[in-house]
Amino acid sequence: MPISGESATAMALSLSLLRSELSSFTASSASLRLIQSTAPLTVAAKTLFVLDSSFNPPTRAHLNIALSSFKGKSAESVKEERLLLLLATQNADKAPKPAPFEERLSMISMFASDILSSLAPLSPAIDIAVTKHAKFLDKSEELTKHYPDVTEQVYLTGFDTLIRILDTRYYPVAHTLEPLESFFRNNRIRCMYRLGDRWGGREGQDEYLRNIRNGSREAEGCRKEWAERIEFIGNGNNTPVSSTRVREAIRNKEESVLHELLTEGVKSWLRERDDVYTQG
Ligand SMILES: Nc1ncnc2c1ncn2[C@@H]1O[C@H](COP(=O)(O)OP(=O)(O)OP(=O)(O)O)[C@@H](O)[C@H]1O
Ligand SMILES: NC(=O)c1ccc[n+]([C@@H]2O[C@H](COP(=O)(O)O)[C@@H](O)[C@H]2O)c1
């Protein structure tokens, strides 16, 4: 992990190293590759928190959702847990731009340091990995192989992602949610309310979960029992946060917005490399 006191881009993982890791991963038949860890994988963890994101770039919303995994926990209980920052090189909805994946991995390593600074003296193990799987169902099956001691994976998502996990259009050819049965048998989703009218406010988001719980969506294959595996958590931000808003603020040089939406390490990284989002 980067050490404080150096310039942000020098502290982050070397871009040429990341580029070669990524090209060997792309050329390989592997579906997931671990890039960096703050603690050896020999420490057997029972719970794996997974923050899967485009990290384009990482924001304070990503930080808040990651921190929610560890808030109020003891050093002892955290020993049985790991946090995985997972970058999907194949997104179900988005093209791989504007920031190249090696730049994002470099920012993710800064972001991991920011998480640890926020949690100190607690020091959970954080892994950074890339995957070719776009869907959560496939990611979870792959992670079971990589973390054989883990008994529960907890997916950290926002509301917009929850509704896409539970959208039949991602499950051809039958277009039913039945394939998710094994996912919900073994895993949980911790979902952060997403601010903004687009998501129906907090009430609309609560109602979405209520509809699952009362069985209204069973015809789509969405079992009412799954509601017990989905937990909503409060949003630590007062204004809507998104990577899109950060990219816009970089282009418009809105310093105060960047200060509000970015973590310290990522902000320093982007100060040195704002061309990642201003070129092209
Ligand atoms: N402000 C937020 N509130 C709740 N969840 C969020 C927020 N920002 C991101 N997330 C969640 O974090 C995960 C990764 O998000 P993602 O990288 O797509 O960020 P994004 O800000 O939505 O990206 P973009 O603006 O580039 O579309 C997703 O599950 C998303 O729902
Ligand atoms: N049904 C699904 O499992 C499903 C649907 C849409 C997006 N995703 C994934 O969610 C993650 C976050 O997506 P966005 O970056 O589009 O917010 C990505 O890994 C994307 O591939 C999964």
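Let's start at Thr 144, which sits in helix 6 (residues 136-146). Helices here are DSSP runs of H or I with at least four residues, strands are runs of E with at least two, and both are numbered from the N terminus. Thr 144 is partly exposed, because 15 other C-beta atoms lie within 10 Å. On this scale a residue is buried if 20 or more other C-beta atoms lie within 10 Å of its own, exposed if 12 or fewer, and partly exposed in between, with C-beta atoms placed from the backbone. Glu 207 is 63 residues away from Thr 144 along the chain, and 32 Å separate their C-alpha atoms.

A word on what you are looking at: this is a predicted model, in which local features need pLDDT of at least 70, side-chain atom pairs count only at pLDDT 80 or more, and totals for chains, interfaces and linings use all residues. Residues are numbered from 1 along each chain as its sequence is written, while chains are lettered from A and ligands numbered from 1 in the order in which they are written.

Now step back to the whole protein. It has 13 helices and seven strands, and its C-alpha atoms fill a box of roughly 55 × 45 × 40 Å along the principal axes. The radius of gyration is 19 Å, which agrees with the value near 19 Å for a compact globule of 280 residues. That radius is taken over C-alpha atoms, and the globule rule is 2.2 Å times the number of residues to the power 0.38. Of the 280 residues, 35% count as buried. Among contacts between residues at least 6 apart in sequence, 79% join residues at least 24 apart. Two residues are in contact if their C-beta atoms, placed from the backbone, lie within 7 Å.

Leu 85 counts as buried because it has 26 C-beta neighbours inside 10 Å. Setting aside residues up to four places away in sequence, Leu 85 touches Leu 51, Ile 108, Ala 112, Ile 126 and Ile 128. The C-alpha atom of Leu 85 is also 9.2 Å from that of Phe 55, 30 residues apart along the chain.

Phe 55 deserves a stop of its own. It lies in the loop between strand 2 and helix 3, and it is buried, with 24 other C-beta atoms within 10 Å. Most residues other than glycine have a negative phi, and most peptide bonds are trans. Phe 55, though not a glycine, has a positive phi of about 45 degrees. In the loop between strand 2 (47-53) and helix 3 you will also find Pro 57, joined to Asn 56 by a cis peptide bond with omega of about 5 degrees.

A cis peptide bond joins Ala 120 and Pro 121, with omega about 10 degrees, and Pro 121 is in the loop between helix 5 and strand 4 (125-131). Lys 253, in the loop between helix 10 and helix 11 (255-261), has a positive phi near 55 degrees. Lys 253 counts as exposed, since it has 10 C-beta neighbours inside 10 Å.

Next, look at how two helices pack. The axes of helix 5 (residues 101-119) and helix 12 (residues 264-272) come within 7 Å and cross at roughly 150 degrees. That makes the two helices roughly antiparallel, a label for angles over 145 degrees, whereas those under 35 count as roughly parallel, 65 to 115 as roughly perpendicular and the rest as oblique. The axes are lines fitted to C-alpha atoms, for helices over the stretch in contact, and angles run from 0 to 180 degrees between N-to-C directions. On the helix 5 side, Met 107, Met 110, Phe 111, Ser 113 and Asp 114 meet Glu 264, Gly 265, Val 266 and Trp 269 of helix 12.

Finally, the ligands. Ligand 1 is surrounded by 18 residues, the closest being Ser 53, Ala 61, Gly 158, Thr 161 and Thr 244; a residue is near a molecule if its C-beta atom, placed from the backbone, lies within 6 Å of it. Helix 3 gives the largest share of this shell, three residues. Around ligand 2 there are 14 residues, with Ala 88, Ala 92, Lys 135, Arg 164 and Tyr 170 nearest. There, helix 7 (residues 159-165) gives the largest share, three residues.
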